[in-house]
Amino acid sequence: MADRGRGQAGQRGRGRGGAGDRGGGARGASRGGDRGDRGGRRGRGRRGRGRRRGDGENEEVWHPVTKLGRLVSAGKIKSLEEIYLHSLPVKEFQIIDHFLKKKLKDEVMKIKPVQKQTRAGQRTRFKAFVVVGDEDGHLGLGVKTSKEVATAIRGAIILAKLAVIPVRRGYYANKIGEPHTIPTKISGKCGSVSIRLIPAPKGTGLVAAPAPRKLLHLSGIGDVYTASKGHTKTMGNFVKATFIAISNLYNFLTPDLWFDRPLIKNPFQEHTDFLASAKVVFEKSAKEAKEDEDIQ
């Protein structure tokens, strides 16, 4: 009898426990459902992962510090070709951005660690090779070393923009349509790596290794044969040799460049009055700023 009483009491206890569990589950579900509804009302999922607040508003305003920069910012120079024609040195990467920002593409070719032995041990930094181009006759290569990968890439992009060069293109045979290949055979060398670029018929494509193919594509060359030798596994030298070969295209004088070119004024001579007035304004603003600092 005692055992039967304990058994019935245990069943009643289990029944109450089950009811309690069911009640707790219902209450938890209701709380969870309410919480979910509140989350939906706040619109947490509506924010998404789109453009962050302030994007595009924090772009720094360019204040040119060189004569060429002031002329470009004022619209006195209309294209990069005017700069190349007079061999003017580009000291500010914003000049390239001004003309090619919408079309310029960049490609990280190689990131490798480099070490230096010091008294405290080995100092490791990262070296980045970056190529920029607009696929329409402009190409640049930049190499930068820094403690962090991101900093090295940013620095290499800036140096690549400062090193942008014009790419000379031509035809294989008949001059039909747009220039699609290089006008003549050309070669470039860096370290043990040497590469030769050879004109190709239309439709051939870029017959090259992956590294030079990227440079040729960004430069706007569509058809070319290549022949390389040396330790091409060294990516840095391979990329530099290709860039040197492409830059040598304008060093090769062909008959179509023999015509007499009329002499025109250098932009610095043509816009002397503007540069002088801009210099006076700059000096006045600097003097006023210095006076304000003295007063404070």
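Guide: Let us start with Thr181, whose side chain reaches the backbone oxygen of Asp223 at 2.5 Å. Please keep in mind that this is a predicted model.

Visitor: What makes the pair of Thr181 and Asp223 a polar contact?
Guide: The cut-off for a polar contact is 3.5 Å between N or O atoms, with one able to donate a hydrogen and the other to accept it. The Thr181 side chain is 2.5 Å from the backbone oxygen of Asp223, so the pair is within that cut-off. The Thr181 side chain also reaches the backbone nitrogen of Ala200, at 3.3 Å.

Visitor: Why is Thr181 called buried?
Guide: Buried means under 20% relative accessible area. Thr181 has 0%, and therefore counts as buried. Its place is in the loop between strand 4 (165-166) and strand 5. Leaving out residues up to four places away in sequence, Thr181 touches residues including Arg169, Tyr171, Pro199, Ile221 and Val224.

Visitor: And why does Leu253 count as exposed?
Guide: Exposed means over 50%. Leu253 is at 58% relative accessibility, so it counts as exposed. Leu253 sits in the loop between helix 7 (235-247) and helix 8 (267-270). Together with Leu257, Trp258 and Phe259, Leu253 makes a nonpolar surface patch of about 460 Å².

Visitor: What makes a group of residues a nonpolar core?
Guide: Its members are buried residues of the nonpolar kinds, joined through side-chain atoms within 4.5 Å. The largest such core here has 28 residues, and Val131, Leu139, Leu197, Leu215, Leu216 and Ile246 touch the most other members. Elements giving two or more residues to this core include strand 2 (121-133), strand 3 and helix 6 (210-219). Helix 7 supplies the largest share, six residues. A second, separate core has 21 residues, among them Leu100, Ala128, Ala152 and Ala160.

Visitor: Which residues of helix 4 are buried, and what covers them?
Guide: In helix 4 (residues 93-100), the buried residues are Ile95, Ile96, Asp97 and Leu100. Their cover includes helix 2 (67-73), helix 3 (80-85), strand 3 (138-146) and helix 5 (149-162).

Visitor: How much of the whole chain is buried?
Guide: Of its 296 residues, 28% count as buried. The chain has nine helices and eight strands.

How values were computed:
Residues are numbered from 1 along each chain as its sequence is written. This is a predicted model: local features need pLDDT of at least 70, side-chain atom pairs count only at pLDDT 80 or more; totals for chains, interfaces and linings use all residues. Side-chain values use heavy atoms; hydrogens and water are left out. Patches are made of residues with over 30% relative accessible area and no salt bridge: like charges are joined within 9 Å, nonpolar side chains (Val, Leu, Ile, Met, Phe, Trp, Tyr) within 5 Å. Accessible areas come from the Shrake-Rupley method with a 1.4 Å probe; for residues, only the protein chains shown count as cover. A salt bridge is a side-chain nitrogen of Lys or Arg within 4 Å of a carboxyl oxygen of Asp or Glu. Helices (H or I, at least four residues) and strands (E, at least two) are DSSP runs, numbered from the N terminus. Buried means under 20% relative accessible area, exposed over 50%, partly exposed in between (1.4 Å probe, protein chains only). Contact means heavy atoms within 4.5 Å.
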